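Trainee: Could you take me through one side chain of this model in close-up, and then show me the chain around it?

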Amino acid sequence: RYIVLETLDTAGTEQEFETVFQYLSTQFPAEAQKALNLNTATAIELESVAGLLRKEAAALIAHRGKNGPCKKLEDLKKIAGLDYKKIEARKERLACM
């Protein structure tokens, strides 16, 4: 909590810090991370964001090219060579759009 104040070489009370924190958090809210669209994601995105191995990313891209886009994440269960548990574990960050 005091990293900001120490970095600025400024001392402050807990109440002052809380006031500054509340101001900053309301004026500059964190943006929610957009979900990765698995229908358009590159192999690198599939590996880094979805946590897939290179061969799993290739299997998903090949399946997508042959069968068209997925409509829901559960559609990916039928892709041979893809560990769906990885998709399930990151479902908040992934989408079929």
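**A buried arginine**

Mentor: Gladly! The side chain of arginine 64 reaches the backbone oxygen of asparagine 39 at 3.4 Å. This is a predicted model, in which local features need pLDDT of at least 70, side-chain atom pairs count only at pLDDT 80 or more, and totals for chains, interfaces and linings use all residues. Residues are numbered from 1 along each chain as its sequence is written, and side-chain values use heavy atoms, with hydrogens and water left out.

A polar atom of the arginine 64 side chain also lies 3.1 Å from the backbone oxygen of alanine 41. Arginine 64 itself sits in helix H4, which covers residues 54–67 (a helix is a DSSP run of H or I, at least four residues; a strand is a run of E, at least two). Setting aside neighbours within four places in sequence, the contacts of arginine 64 are Leu38, Asn39, Thr40, Ala41 and Pro69 (heavy atoms within 4.5 Å).

Arginine 64 is buried (under 20% relative accessible area with a 1.4 Å probe, protein chains only). Yet arginine 64 has no salt bridge (a side-chain nitrogen of Lys or Arg within 4 Å of a carboxyl oxygen of Asp or Glu). The nearest side chain of opposite charge is glutamate 45, 7.2 Å away.

Stepping back to the chain, you will find 5 helices and 2 strands, in the order α-α-β-α-α-α-β along the sequence. Of its 97 residues, 29% count as buried. Among contacts between residues at least 6 apart in sequence, 49% join residues at least 24 apart.

Conventions:
Buried < 20%, exposed > 50% of the residue type's maximum accessible area, 1.4 Å probe, protein only. Lys, Arg positive; Asp, Glu negative; His and termini not counted. Polar contact = N/O pair within 3.5 Å; in protein donor to acceptor, adjacent residues only side chain to side chain.
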